[in-house]
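Here is a friendly walk through one model, with each label checked against its cut-off. Have the coordinates open and follow along.

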Amino acid sequence: MTRLTRTVAAATLATALALVSACSGGSDSADAKAGDGTSLEKVTYLTSFGNFGRDSYAWVAKEKGFFKEAGFDVEIKPGQGTGAVIQTIVGGQADFGPIDLTGGLLQVGNGVAKDFVAVAAIQQRTMAAIVSVEGKNIATPKDLEGKKLADTPGSVVRNLFPTYARMAGVDYTKVTWVNDQAQNLMGTLASGQVDGIGQFVVGQPTVEAVTKKKPVVLPYSNVMQDLYGNALITSTKIAKENPEKVKKFTAALLKGLEYALANPQEAAELLKKNVDATNPAAAAAELQLMAGYVRSSNSGTAIGTLDSDRVAKSIAILQGAGALKSNITPDQIIDFSLVPKA
């Protein structure tokens, strides 16, 4: 199993955990007109969770004027995970936001949510992982047996763990899970209360900053290669009534994503400009780690693409694990007419 580590500048626990604090601002909202003098359309965008470096591309799109060029005045708000992002967008309090696509499949397949569609991939592979630190005697998935892990009850990492464990040769009944809030997970690991936590691969720079130890990462993508990571969603209503708006916004956001990956340090500084608690070193390191997940062999050089066959395989994995109560198809969660082409 791949063991990923990266050294980042140390940050205090309070600063690292404060990365999730809400803050927005920037150049678009300061100027209500586009370059041609036309009024900008107001859009509310949610991050996937909090204000970590992995979501900094939205601020890049705002600060570099990509949203403004597309005709949008964008307000960026911190999201609170897949379920909350879906609920807020379907409820009309926000227009766009990224969710974990596998989490979205679970929500739709289990009748928890509806009336939203994915319109672009942010990561071509899932970034879900179990993260521990050196000294816990965890180097392979099998080492998780007999250990205590923490995560939120509804997290994708936790919901997928039985399937991951079976595919990795782990007896998941020998692993103990305890509940914790997302913002407390890294501190819980740092205090030694648990042996590992549910986390995204890109969270390891912040884990290192909080725990002062080198992370040990067990990525789900090593054994579940067809699962996507985050995907941009909007409401079914917006997708049907204003597809051009969706396409323009998506293109501007993905332009910000591409710029952020090419310029991680600048992206981190732009995040710091808008979110004062940001640790720029950790934010830049997150982007560097995320770069390898944004493109895949089937997407070529394009970003944002979604493949129907791969999504169908993801659904089959979840069905085979008994994680879905009903049969679903890729078209029920993705509007392929709006997705960027490979």
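**Checking the labels**

Lys 245, Val 246, Phe 249, Thr 250, Ala 252, Leu 253, Leu 254, Gly 256, Leu 257, Ala 260 and Leu 261 are the buried residues of helix 11. Keep in mind that this is a predicted model.

Q: Why does the span of helix 13 agree with what its residues should give?
A: Helix 13 runs over residues 280-294, and at 1.5 Å a residue its 15 residues should span 21 Å. The end C-alpha atoms are 21 Å apart, so the two values agree.

Q: Which residues of helix 13 are buried, and what covers them?
A: The buried ones are Ala 282, Ala 283, Ala 284, Ala 285, Glu 286, Leu 287, Leu 289, Met 290, Tyr 293 and Val 294. Their cover includes helix 3 (57-63), helix 9 (204-211), strand 9 (215-219), helix 11 (243-262) and helix 12 (264-274).

Q: What makes Asn 279 a cap of helix 13?
A: A side-chain oxygen of Asn 279 lies 3.1 Å from the backbone nitrogen of Ala 281, at the N-terminal end of helix 13.

Q: Why is Gly 81 called buried?
A: Buried means under 20% relative accessible area. Gly 81 has 19% relative accessibility, so Gly 81 counts as buried.

Q: Where does Gly 81 lie, and what does Gly 81 touch?
A: Gly 81 lies in the loop between strand 2 (72-77) and helix 5. Leaving aside residues up to four places away in sequence, Gly 81 touches Ser 48 and Phe 49. Gly 81 and Ser 48 are 33 residues apart in sequence, yet their C-alpha atoms are 5.6 Å apart.

Q: What lines the largest pocket?
A: The lining has 36 residues, and Phe 49, Gly 81, Thr 152, Ser 155 and Val 156 lie nearest the centre. Helix 5 gives the largest share, four residues. By class, 17 lining residues are nonpolar, 16 polar and three charged. The space in this pocket is about 750 Å³.

Terms used
Residues numbered from 1 in each chain as written. Predicted model: local features only at pLDDT ≥ 70, side-chain atom pairs only at ≥ 80, totals over all residues. Heavy atoms only, no water. Helix = DSSP H or I, 4+ residues; strand = E, 2+ residues; numbered from the N terminus. Expected span 1.5 Å × (residues − 1). Buried < 20%, exposed > 50% of the residue type's maximum accessible area, 1.4 Å probe, protein only. Contact = heavy atoms within 4.5 Å. Polar contact = N/O pair within 3.5 Å; in protein donor to acceptor, adjacent residues only side chain to side chain. 1 Å grid on protein atoms, 1.4 Å probe; cavity = no way out; pocket = protein on both sides within 12 Å on 5 of 7 lines; lining within 4 Å. Points joined across faces, edges and corners; volume = space filled by probe spheres on them. Nonpolar A, V, L, I, M, F, W, Y, C, P; charged D, E, K, R; others polar.
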